[in-house]
Amino acid sequence: MGNHLQDSIDEIRALMESHLRIKGRDLRAQTRRAGRLLSRKVRRDVNYLIQAEELQKNPKLARMVDDSKVTKARTNIVAFLQTIDPREQMWTRIINIAASVALGLIAIFVVVLYVLVQRGFV
């Protein structure tokens, strides 16, 4: 069970690095840095895996970890992370930045045009 849990956590960490481009020293740090990029349900599943990893460190508490729940959480997280396309995220960011710049330029143009009309140059 412990090896299965650790393999799942390693797989999720690798997916978070490749699909979300989020690095961290452990899964807890990566989840904290991901923030709203992860849905509430996925964050809940990740937090369960983090707690299960902590419980695995103590032999008596390790019996509290539910293998089927770990497998279900892993399946949900992996399915969510595999739907994320890093290339599409990059283009979305570029388009959002370009739109912000364009909106700023339009606002400046409107203000300059208003000032020119008020002063009688146009």
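Colleague: Where is Arg44 placed?

Modeller: In this predicted model, Arg44 lies in helix α3.

Colleague: What makes Arg44 count as exposed?

Modeller: The relative accessibility of Arg44 is 53%. The term exposed requires over 50%, so Arg44 counts as exposed.

Colleague: How far apart are the C-alpha atoms of Arg44 and Ala73?

Modeller: They are separated by 8.7 Å, although the two residues are 29 residues apart along the chain.

Colleague: Which residues of α3 are buried, and what does that word require?

Modeller: The buried residues of α3 are Val42, Asp45, Val46, Tyr48, Leu49, Ile50 and Ala52. Buried means a relative accessible area under 20%.

Colleague: How does the reach of α3 compare with the expected value?

Modeller: Helix α3 has 17 residues and reaches 24 Å from its first C-alpha to its last. The expected span is 1.5 Å times one less than the number of residues, and for α3 the reach is close to the expected 24 Å.

Colleague: Which residues make the contact of α3 with α4, and of what classes are they?

Modeller: Helix α3 contributes Lys41, Val42, Asp45, Val46, Tyr48, Leu49 and Ala52, and α4 contributes Lys69, Val70, Ala73, Asn76, Ile77 and Phe80. By class, nine are nonpolar, one is polar and three are charged.

Colleague: Why is α2 described as roughly antiparallel to α3?

Modeller: The axes of α2 (residues 27-34) and α3 (residues 40-56) come within 10 Å and cross at roughly 160°. Angles over 145 degrees count as roughly antiparallel, so α2 is roughly antiparallel to α3. This crossing is left-handed. The contact is made by Leu27, Arg28 and Thr31 of α2 with Arg43, Val46, Ile50 and Glu54 of α3. Three of these residues are nonpolar, one is polar and three are charged.

Colleague: What sets the phi of Arg21 apart?

Modeller: Arg21 is in the loop between α1 (2-20) and α2. Its phi is near 55°, a positive value in a residue other than glycine. Most residues other than glycine have a negative phi.

Colleague: How do you know that Arg21 is exposed?

Modeller: The relative accessible area of Arg21 is 53%. Exposed means over 50%, so the term applies to Arg21.

Methods. Residues are numbered from 1 along each chain as its sequence is written. This is a predicted model: local features need pLDDT of at least 70, side-chain atom pairs count only at pLDDT 80 or more; totals for chains, interfaces and linings use all residues. Side-chain values use heavy atoms; hydrogens and water are left out. Axes are lines fitted to C-alpha atoms, for helices over the stretch in contact, and angles run from 0 to 180 degrees between N-to-C directions. Helices (H or I, at least four residues) and strands (E, at least two) are DSSP runs, numbered from the N terminus. Angles under 35 degrees count as roughly parallel, over 145 as roughly antiparallel, 65 to 115 as roughly perpendicular and the rest as oblique. A crossing is left-handed if the near helix is turned anticlockwise from the far one by less than a right angle, and right-handed if clockwise. Contact means heavy atoms within 4.5 Å. Ala, Val, Leu, Ile, Met, Phe, Trp, Tyr, Cys and Pro count as nonpolar, Asp, Glu, Lys and Arg as charged, and the others, Gly among them, as polar. Buried means under 20% relative accessible area, exposed over 50%, partly exposed in between (1.4 Å probe, protein chains only).
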